[in-house]
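Keep the 3D view open as you read.

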Amino acid sequence: MSTVTFKVFRGDRNGGELKDYAVEVQEGMVVLDAIHQIQAEQAPDLACRWNCKAGKCGSCGAEVNGKPTLMCMTRLDTIDTSKPVTVRPMKTFPVIRDLATDVKWNYEANKKIKPFTPAPGTDWIMFQEDVDRVQEFRKCIECFLCQNVCHVLREHDEKTGFIGPRLLVRTASLEMHPLDIENRLDMLKNEGGIGYCNITKCCTEVCPEHIHITDNAIIPLKERVVDEYYDPVLGFFRRLFGSKKRAEPSGQAADD
Amino acid sequence: MESYTTYDYDVLVIGAGGAGLRAAIAAIEKGARVGVVTKSLLGKAHTVMAEGGMAAAMGNVRSEDNWKVHFRDTLKGGGMLNNWKMVENYTKEAPDRVRELERWGAVFDRTPDGKINQRNFGGHSYPRLAHVGDRTGLELIRTLQDHAVKMGINAHMETTIYRLLTEGGAVVGALGFNRQTGEFLVFRAKAVVLATGGLGRIYQITSNSWECTGDGFSLASMVGADLIDMEFIQFHPTGMVWPPSVMGILVTEGVRGEGGVLKNSEGKRFMFDNVPERYKGEFAETEEEAERWLQGDRNARRPPELLTRDVVARAIRKEVNEGRGSPHGGAYLDIASRRPADYIKKKLPSMYHQFMKLGNLDITKEPMEVGPTCHYVMGGIRVDPDTQATNVPGLYAAGEVAGGLHGANRLGGNSLSDLVVFGRRAGMAAAEYAAKQTGSYQVDEAQVRAYIAEALQPFNNPQGENPFALMKELRATMQKNAGIMREENELKTQLEILANLKKRAWNTSVSGGRAYNPGWHTALDMRLMVEISEAVVLAALARKESRGGHARLDYPDPDPTFAKLNHIIRRSSDGTLHVVAEPLPEMPEDRRKIAEAKDLKELSDKVGA
């Protein structure tokens, strides 16, 4: 057992400061355990979010020693505890209190994405190799760490014309669903702002689910947008033969 | 005077897990104006943590499977204390609810011929669990969340309900507060659906998230709703036991479903010695037969690791008590020597990740150390099996907070499909009830004022106790005195402890402001948690036998008298709780034949399963 100093951000929308707390640590402890111990023994009004404590819900994202991470999955023996450990809220979102940030923008931006739209009359037969790709995207636990590190959102605060990596992943999960027939390329190009992404891969680096956000979701979507709107050869053929690349809904009732 | 904001809805759904979201969707489909309240952010409810799968007799992997087999498995697993009509409704509808999720965008794992794949789980006769690796709960909640957003859901996120509001004996809304700001909110509603999940946080070692503080049971009981069979708490056999900070975190039954075996410190597979009388003849009797089953031999019987959760949890406890446990007081669960590393990573990715990150252990190379953890409550608010209506007008309940479906022990995988089957039924019935309420929205202003004053009291009580310390005491004593093994003396001691804690729960002190203040939230949670703990202990004292999730050291066997009784927990007008034993609802002869078929052969020969 040893004592570790935690410097935890205390404050709200109007500002705040790091406060020191000494925590007795034991084997296997994660950062979230330390925060809970501070709550129970020293600062009962210290605000932080958590639900599952097993990396499944994505509630406890914060910046530990400057690194965006899930507090429940960050073991103290993987960081240098001979020096004070700083814990700050995610920077990209406004602070509500202490470590809890206001992430409701993500829920609003999500509404720009057209929902799952299956082809009418589908037989619902899908093979594992066809769903492997979207299953990767559906592992997302909405911790918003990718949104937090994305330069477009973090440095430039571009929250009106860009939906961020999480929502690009969600769009990819719909666009690449074998039975979906909706077209979201116009949204991606315009209000989704996929052009803002300059592929620095910061989102991929912090993803606790190890989703290949940039390579498997964003780049293929960018390619689709480019093909649709900027490829002169394809554009010529489209003008010649029409631009439909997917079946239109036939108007029949979906099967059951 | 304290101000508050008022919202009017036809149906107010409290809880945004699987049952709450499915109820909201059903009520919106019926044309109701629906509000959903959730203590967390949308999509973070405890459902998200469910791993293994959702049970539904779709017959995609074994065509012999159908609702009758699922009906028999569920009643048998539940020690025949289940409400048979709920089980019938459930087993018949579950496949439709799974297919519906697929039509709303869920992407389940596939069979080689492109259908929804199904995996083995404890107590199920056939592979029956539709799943997505070991993150089925995430898939379920995300699908429902997306569909609810599409339907235009009104979600009040990070909002806690403090009390239900009543008028003339009927529920007409709820009082709560926004956790982010501390502002009070009054929800006026024509009908309320409770979908608040379970109560695992009353125990020290639990797989449950912070939210599972038993709110719904207490809120319902306080307005006069009956609770049923609260003694039946499920201790999941496989929680993590090491390191200490992860104690209780779940290790999915999918590990055993995929072939994982349990061994003691002597390297012995001990489950072969733990097959109860009622399951004799239905499980493999040798390691060789179990091995053939794993290889896909349809004539081989399932390994005994796939017995029901109550049986496996007690067997692990027995090994530990008799000195054959693992170094940290559990047993070994080994999948590494049974399946190739790639297969394990594919079928159990989040388990691989969880052990690697939190326990520094590679489950493709080494066995896991596991032990029982509080996971689920089979009992709950007593509801009508068709409509989910409680005995209080205007109040409905669905999901873990409702009782009756699972009897004395829930089969793994029967929860996720319970949520969608009965969430839908509750939402439909609540919307229909609301449509019939023609009067204007009424709540009693004095009632609201009194509750607000009560809720703010810890801020004006500088000499009170630390709510976190009280919570710790509650959880430790419940674990010790009303945990996996119970006896009369300890249960009586716990009742005294609870009487004391109940007083102290109303004498806590909190500091800081009202915005996002965990100390305050804990102080208010405690008031509900002591109420529901008392219901559990009273029911456990009354059931003088061992059955399902309820094990009494002083009455180690099932008792035929109790086999016919449900326990109803009711509140008197002075606020005290008491237990009434009631005979089970009568099962019709044709259903009894299905439930009591000796084995699957008899089931198919006699009742045409």
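In this predicted model, strand S4 of chain B is joined to strand S5 (residues 129–130) of chain B by 2 bridges, and the two run antiparallel. Look for Gln118(B): opposite this residue stands Ala130(B), in S5(B). The pair belongs to an open sheet of 3 strands in chain B, with the order S3-S5-S4 and antiparallel pairing. Strand S3 (54–55) and strand S4 (118–119) of chain B are the edge strands, since each pairs on one side only.

Now zoom out to chain B. There are 17 helices and 18 strands in this chain. Along the principal axes, its C-alpha atoms fill a box of roughly 75 × 50 × 50 Å. Why does a radius of gyration of 23 Å agree with a compact globule? Because a compact globule with 609 residues would have a value near 25 Å. Of the 609 residues in chain B, 67% are buried. Among contacts in chain B with a separation of 6 or more, 74% are between residues 24 or more positions apart.

Next, the largest pocket, whose volume is about 1500 Å³. It is lined by 49 residues, and those closest to its centre are Asp33(A), His36(A), Trp50(A), Arg201(B) and Arg475(B). Helix H1 (31–41) of chain A, helix H13 (467–481) of chain B and helix H15 (518–542) of chain B each supply at least two lining residues. Here is the lining by class:

| Class in the lining of the largest pocket | Number |
|---|---|
| Nonpolar | 21 residues |
| Polar | 15 residues |

Terms used: Residues numbered from 1 in each chain as written. Chains lettered and ligands numbered in written order. Predicted model: local features only at pLDDT ≥ 70, side-chain atom pairs only at ≥ 80, totals over all residues. Heavy atoms only, no water. 1 Å grid on protein atoms, 1.4 Å probe; cavity = no way out; pocket = protein on both sides within 12 Å on 5 of 7 lines; lining within 4 Å. Points joined across faces, edges and corners; volume = space filled by probe spheres on them. Helix = DSSP H or I, 4+ residues; strand = E, 2+ residues; numbered from the N terminus. Nonpolar A, V, L, I, M, F, W, Y, C, P; charged D, E, K, R; others polar. Pairing = 2+ DSSP bridges. Rg over C-alpha atoms; globule rule 2.2 N^0.38 Å. Buried < 20%, exposed > 50% of the residue type's maximum accessible area, 1.4 Å probe, protein only. Contact = heavy atoms within 4.5 Å.
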